[in-house]
Amino acid sequence: PIYAGLPFVDNFNSTTNGQFGPSWRWSHPDQTAQVAGTTKPTGFVGIDASGNEKWVGMGKICDDGLTANALDLHLNLENCSNVLFSFDLLDNADESHPTKDGLFFSNDGGKYYHQIYSFDFEAINNDIWKRDTILLDDLVNTLNLTYSNECIIRFQQYDDADFISGGDRDGYLLDNINVQCDFVNSTMNHYYLDEIKFYPNPTYNKITVELSRNSVSGEISIINLQGQLVEYKEFLGRSAIINTEGLQSGIYFIRIATDEHKIKTYKIIKK
């Protein structure tokens, strides 16, 4: 597989003949499922379509007992920080298995995996797409791990019923994978920028952004935890104010991009 640099975006619509891109692998999840005999030939991970729209389905082709599936995304996260990982998920009546349904992370090319996120399907509306946005740093740092040039994010699914049965069915769908960060290697002309400032945080009704003396314009985006853009502003000059008064209280991300192709993403709190 190719360990893709950031930013990484895939909505699977450009795939041909149902083939995954070079950074994806349908994998055997015995190591992360931690239950003997859970990888069966009746499990599947594949790209499906409805009209011009495509997505990934994870499930089973028949009802013959519990089966685990894994789909691995290979990323080069070396020198990255504030990694925002977003994806759309649709529950196909999967039951919750907290230690087996979720995201696993490896920073050594797949030698060892650590669960970093669990899917609670009991709390998700069935057959309705849900957008998840995760600040990967928070999850990785709690495990005392670091980023490398051989990182893998594993989607794992575990259940026993046919994916498309009219009665009992299981599985889930994935779409619109998006991975962004503050710093990527210089070949992509993105650099880490310590000089960007913003305040206050927590905020009540506005945020002031100040750029470095070498910048003359920029863009400010505020994104909610579902990955939706809720405020946006383009500006000329080295400073700008963006209004947050209309936002509900909670956690958001502010993404600041400058004319020098420098990008930073921060977690903010709206009071």
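Cysteine 181 is buried, at a relative accessible area of 7%, where buried denotes under 20% relative accessible area, exposed over 50% and partly exposed the range in between, with a 1.4 Å probe and protein chains only. The model is a predicted one, in which local features need pLDDT of at least 70 and side-chain atom pairs count only at pLDDT 80 or more, while totals for chains, interfaces and linings use all residues. Residues are numbered from 1 along each chain as its sequence is written, and side-chain values use heavy atoms, with hydrogens and water left out.

The cysteine sulfur closest to that of cysteine 181 belongs to cysteine 80 and lies 3.3 Å away, which is too far for a bond, a disulfide being a pair of cysteine sulfur atoms within 2.5 Å. The structure holds zero disulfides. Cysteine 62 is partly exposed, with a relative accessible area of 28%.

Asp63 gathers with Glu95, Asp120, Glu122 and Asp168 in a surface patch of negative charge; patches consist of residues with over 30% relative accessible area and no salt bridge, like charges being joined within 9 Å and nonpolar side chains (Val, Leu, Ile, Met, Phe, Trp, Tyr) within 5 Å. A salt bridge is a side-chain nitrogen of Lys or Arg within 4 Å of a carboxyl oxygen of Asp or Glu.

A nonpolar surface patch of about 220 Å² is formed by Leu225, Ile251 and Ile269. Isoleucine 269 belongs to strand β18 (residues 263-270) and is partly exposed, at 37% relative accessibility.

Key. Accessible areas come from the Shrake-Rupley method with a 1.4 Å probe; for residues, only the protein chains shown count as cover. Helices (H or I, at least four residues) and strands (E, at least two) are DSSP runs, numbered from the N terminus. Lys and Arg count as positive and Asp and Glu as negative; His and the chain ends are not counted. The place of a charge is taken as NZ of Lys, CZ of Arg, CG of Asp or CD of Glu.
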